Amino acid sequence: QVHLVESGGGLVQPGGSLTLSCAASEKIRSIYSMEWHRQTPDNPERALVAQIDPFGRVVYGASVEGRFAASRDLAKSTMYLQMNDLRPTDTAVYYCSITGRNSGPDLHAWGQGIQVTVSS
């Protein structure tokens, strides 16, 4: 079973930057989609932050467009989220997810979640 491990979260001041990483526990042979979501206590439903399609194209949530940049390293089955100009409203638990396939059926894995707090 593939596990995803997130890193890079923490406390940052408004206007600051953070980069999140999400690494799979093993190489995923075919990756269909890589996504970042976030969840807040006020909104328990995870909101899409960014989605990378199989061709590397990225779709962003409206609230982060122009400030966040998602990228990937397929060779390492790893994805990144560069977050700039952070705002207090970006405070959330961030989750990564990967949909893909190795030799068996399609897999869909989630990270454990990592806290990002934007506060002065």
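1. Of the contacts in the protein with a separation of 6 or more, 55% are accounted for by residues 24 or more positions apart, where contact means heavy atoms within 4.5 Å. The model is predicted, so that local features need pLDDT of at least 70 and side-chain atom pairs count only at pLDDT 80 or more, whereas totals for chains, interfaces and linings use all residues. Residues are numbered from 1 along each chain as its sequence is written, and side-chain values use heavy atoms, with hydrogens and water left out.

2. The protein has eleven strands and zero helices, and its pattern along the sequence is β-β-β-β-β-β-β-β-β-β-β. The radius of gyration is 14 Å, close to the 14 Å that the globule rule gives for 120 residues, so the protein is as compact as a globular protein of that length. Helices (H or I, at least four residues) and strands (E, at least two) are DSSP runs, numbered from the N terminus; the radius of gyration is taken over C-alpha atoms, and the globule rule is 2.2 Å times the number of residues to the power 0.38. Along the principal axes, the C-alpha atoms fill a box of roughly 45 × 25 × 20 Å.

3. Buried residues make up 40% of the 120 residues, where buried means under 20% relative accessible area, exposed means over 50%, and partly exposed lies in between (1.4 Å probe, protein chains only). The mean positions of the 10 positive and 11 negative charges are 6 Å apart. Lys and Arg count as positive and Asp and Glu as negative, while His and the chain ends are not counted; the place of a charge is taken as NZ of Lys, CZ of Arg, CG of Asp or CD of Glu.

4. The largest nonpolar core has 31 residues, of which Trp-36, Leu-81, Met-83 and Tyr-94 touch the most other members. Two or more residues of this core come from each of several elements, including strand S4 (30-40), strand S8 (78-83) and strand S9 (92-101). A nonpolar core is a set of buried Ala, Val, Leu, Ile, Met, Phe, Trp, Tyr and Cys residues joined through side-chain atoms within 4.5 Å. In soluble globular proteins, nonpolar side chains tend to be buried together.

5. The loop between S8 and S9 deserves a separate look. Asp-90 lies in this loop and counts as buried, at 0% relative accessibility; leaving aside neighbours within four places in sequence, Asp-90 is in contact with Arg-38, Val-64, Arg-67, Phe-68, Asp-85, Val-116 and Val-118. The C-alpha atoms of Asp-90 and Val-116, 26 residues apart along the chain, are separated by 7.6 Å. Asp-85 is also placed in the loop between S8 and S9, but is partly exposed, with a relative accessible area of 40%.

6. Backbone angles are worth checking at two residues. Most residues other than glycine have a negative phi, and most peptide bonds are trans. Asp-85, although not a glycine, has a positive phi of about 50 degrees, and the phi of Ser-77 is a positive value near 50 degrees. Ser-77 is found in the loop between S7 and S8 and is buried, with a relative accessible area of 0%.

7. Which residues does Gln-115 touch, not counting residues up to four places away in sequence? They are Gly-9, Gly-10, Thr-91, Ala-92 and Val-93. Gln-115 belongs to strand S11 and counts as partly exposed at 39% relative accessibility; Gln-115 and Gly-10 are 105 residues apart in sequence and 6.1 Å apart in space, C-alpha to C-alpha.

8. Val-2 sits in the segment before strand S1 (4-7) and is buried, with a relative accessible area of 11%. Not counting residues up to four places away in sequence, Val-2 touches Ala-24, Ser-25, Glu-26, Ile-28, Asn-102, Leu-107 and Ala-109. Between Val-2 and Gly-111, 109 residues apart along the chain, the C-alpha separation is 10.0 Å. Gly-111, in the loop between S10 and S11, counts as buried at 9% relative accessibility and, with residues up to four places away in sequence not counted, touches Leu-4, Glu-6, Tyr-95 and Cys-96.
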